[in-house]
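Student: I have a structure to read and I am new to this. Can we go through it together?
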Amino acid sequence: MNPIVELVDNSFIFIIAISVILLVGVTAVMIYFVFRYSEKNNPKPDQSITGSTTLEILWTVIPLILVLAMFFYGYEGFKEMRNIPPNAMVVKVTGKMWFWHFEYDNKKVSDTLLYLPQGKDVRFELMSADVNHSFYVPAFRVKEDCIPGRTNHMWFHTTNVGTYDIECAEYCGLNHSYMLGKVIVVPEKEYLEWVNKVDSVKTPDSLKTDSLKTGTVKTDSLKTTQLKQDTTKSPGSKKDSIKVVQKDSVKRKEK
Amino acid sequence: MANGTLAKDVSYLEYEGKHKGLAGWLLSVDHKRIGLMYLMGIMIFFFVAMTLGVLMRLEMLSPGETIMKPATYNSVFTLHGVIMVFLFIIPAIPAVFGNFMLPIQIGAKDVAFPRLNLFSWYLYMIGAILAIVSLFTGGGAADTGWTFYVPYSIRSAQNVSMTTLAAFVLGFSSIVTGLNFVVTIHRLRAPGMTWFRMPLFVWGLYATSWIQVLATPVIGITLALIMLERFMGIGVFDPALGGDPILYQHLFWIYSHPAVYIMILPAMGVVSEILPTFARKDIFGYKQIAISSLGIALIGYLVWGHHMFVSGMSDTSRIVFSLLTFLVAIPTGVKIFNWVATLYKGSIKFSAPLYYVLGFIFIFSIGGLTGLVLGALATDIHVTDTYFVVAHFHYVMFGGMGIMFFATMHYWFPKLFGKMYNEKIAIIACTVIIVGFNVLYFPFFIMGYMGMPRRYYDYLPQFQGWHILSTIGSWILVSGIVFMFGNLLYALLKGPKAPMNPWGGTTLEWKVPSPPPLENFDEIPVVTGGPYVHDKQTYIMHPGKEGIKANGGTKTVNQEAAL
């Protein structure tokens, strides 16, 4: 099993288990008190109870120990996420309104579909061409933002052959919810064949990625029309963005 | 026996001063009238934002286009967030009930600066109007999300500038109110009311007010920088001009995380008011609850980084912020345990406000405990920016603050308006609200862990079942809310007259008539004991000079209710 997935799921189960015990405990005691000490069952309230130092210490110290344990679990998983194997293969990921662009070791590129060999550690260099995005692969329990002007890193291990969803998790405008993709993990031999085949290279800026199925036909048509409309409005490269900012301010001055 | 009957027995609702009719309200500096004016505004915006929320749920009923286009959806969730956060959640309890109850609870005739108080209401309304106008002018409603993250918010062609200006103005309203409350609490407490004799609602407001004064200026500066960036391209945040988008996130959350505690602390204060009243006994662990409010406010300042665990912040700062985040859980837990312990050996009168509080404790506990999942680094990296986060903050904000706002309305309704409502209907409505709330938001946790990102107009087919369930929940919740307000509205028009102290409360607001007269007290009372003592009197309502001297409170209480 993928070590990161295991660590994340285990800390999740640990935290949720303690939480459920606490929640059920607090709720049960509360409901019991409401019935046991109702006006009918207990007509005379006991005015002498105003607090208890022992209890206060107990319910400060025990939760403190519990949350420190949770912190530690979370920290352990995080350490694994940041502990990028030095010999991992590198894929450059660029988020761009509204698709993913991948560049492999040998300069081969692809859009939307990320091909990876099975059983490898993969390190991602995350960049953005315009606004903030976040590269999220739920099946591998990892995400990291793509911020323009800097390079972020993350990694995962491709354990099993299969197809996994890629989603953009940082809101990035009109077609944020269509900024999807797929991780396609294939046996290493197949991957090498694919990555070395030069003629299948797509143009990096191709926007019409039909290979991605979002589920409905309706959404697909919507996607392409709006993409066209909006690329004119929203800048793709840095130079453009300055222009747009200026244009905006000019417009406002006219008003 | 001090029963607080006044010689000039004209309530604040009927009083006529220099101005009459509408002007008597719009120009009134009476803290109670200002509180009610806030209530009017806040209710309107709550219904607007709730409607937007229902529309979002409708859109999520099926993948692809259901009732609106993606551009519309993006503006709808932005406005839902902006209106809920800045116009409802932040001001609701402090501005309405804080204004109304704070001076009465500490035995004062008004807040320290009544005119400033009215001014902050006008700021609130100006901000609100700007927010509404921004919908229909410029490039259309803002589509950035309520977080206004750069560089998107700088590049968006929509009318982001006016929406940020609105939030900027609203920030000032918040600062002014906070300042006013801090001074009021320091200077205007009745003789004998020491810090540890203050009602816990006042403690909640005190902690909140400090955050408002100290943290809100940061968001003001940040939003101003966004406007400068949009108009002049100064390049503080935009990487294309050499700026840093992460800097924006830091500045935004330095305010907006403490703001979460601005939202919840007053609500927690009301919980501590309602429980002893209906348990008919003193609160359990008064000092711990009071101090934990300050603890939450203090630690709350230092945890903003947990909103940015995947932003590319350094690993060390992620670890430190995670650790600090877990520490906030401690004072919060202390509160919950003390509340439940208050019920022990009480003589519990089961009424609508208490029922809301029990619902609050259950829902808020879920919200708090799922917060632990978000505080832990490994799990946060997986579920941040997904529906899990959306579920968490709706459990804390709506389930916490929102449900407590409803509880507060039911608790103080008789005092505000001097009318009683139908309790049976209130309890039924509360049940519907709690059921609807959980059906609506619980599926979000599951979808979030499955990997459904937030702010998605469209979604992958595997999520549809949960989305349908959640949308059905939204209908249940809304019918509960409408039912509840219908009941209160009916009571307002046709309810029977409320007595001075319908619940058997022990704090000062229950010692003055319902509704209270213009300056609350004909004579400033003297305080001789804690706020929730049920078996003896801790207030002398008509002490005279002798009474003040005898009880050690020669401190002058300077409160000219300016009229």
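Student: Which residue is the bridge partner of A:S134 in β7(A)?
Tutor: Start with the general idea. Strands of a sheet pair through backbone hydrogen bonds, either parallel or antiparallel. Here the model is predicted. In it, A:S134 has A:D145 of β7(A) as its bridge partner.

Student: How many bridges join strand β6 of chain A to β7(A)?
Tutor: There are 5. β6(A) covers residues 133-137, and the two strands run antiparallel.

Student: What is the strand order of the open sheet in chain A?
Tutor: Read it as β4-β10-β9-β6-β7. That is 5 strands with mixed pairing. β4 (113-117) and β7 (142-146) of chain A each have a single partner strand, so one side of each has no neighbour in the sheet. On average, neighbouring strands here are turned by 20° against each other, direction ignored.

Student: Which strands does helix α3 of chain A touch?
Tutor: Helix α3 (residues 188-196) packs on the sheet and touches β4 and β10 (180-186) of chain A. Its direction makes about 130° with that of β4(A).

Student: How do I describe two packed helices?
Tutor: Use the angle between their axes and the distance between the axes. Take α1 (residues 3-36) and α2 (residues 53-82) of chain A: the angle is about 170°, and the axes are 9 Å apart. Angles over 145 degrees count as roughly antiparallel, so α1(A) is roughly antiparallel to α2(A).

Student: Which residues meet there?
Tutor: From α1(A), they include A:L7, A:F14 and A:I18. From α2(A), they include A:L66, A:M70 and A:Y73. By class, the contact has 11 nonpolar, 3 polar and 2 charged residues.

Conventions. Residues numbered from 1 in each chain as written. Chains lettered and ligands numbered in written order. Predicted model: local features only at pLDDT ≥ 70, side-chain atom pairs only at ≥ 80, totals over all residues. Axes fitted to C-alpha atoms, helices over the stretch in contact; angles between N-to-C directions. Helix = DSSP H or I, 4+ residues; strand = E, 2+ residues; numbered from the N terminus. Parallel < 35°, antiparallel > 145°, perpendicular 65-115°, else oblique. Contact = placed C-beta atoms within 7 Å. Nonpolar A, V, L, I, M, F, W, Y, C, P; charged D, E, K, R; others polar. Pairing = 2+ DSSP bridges.
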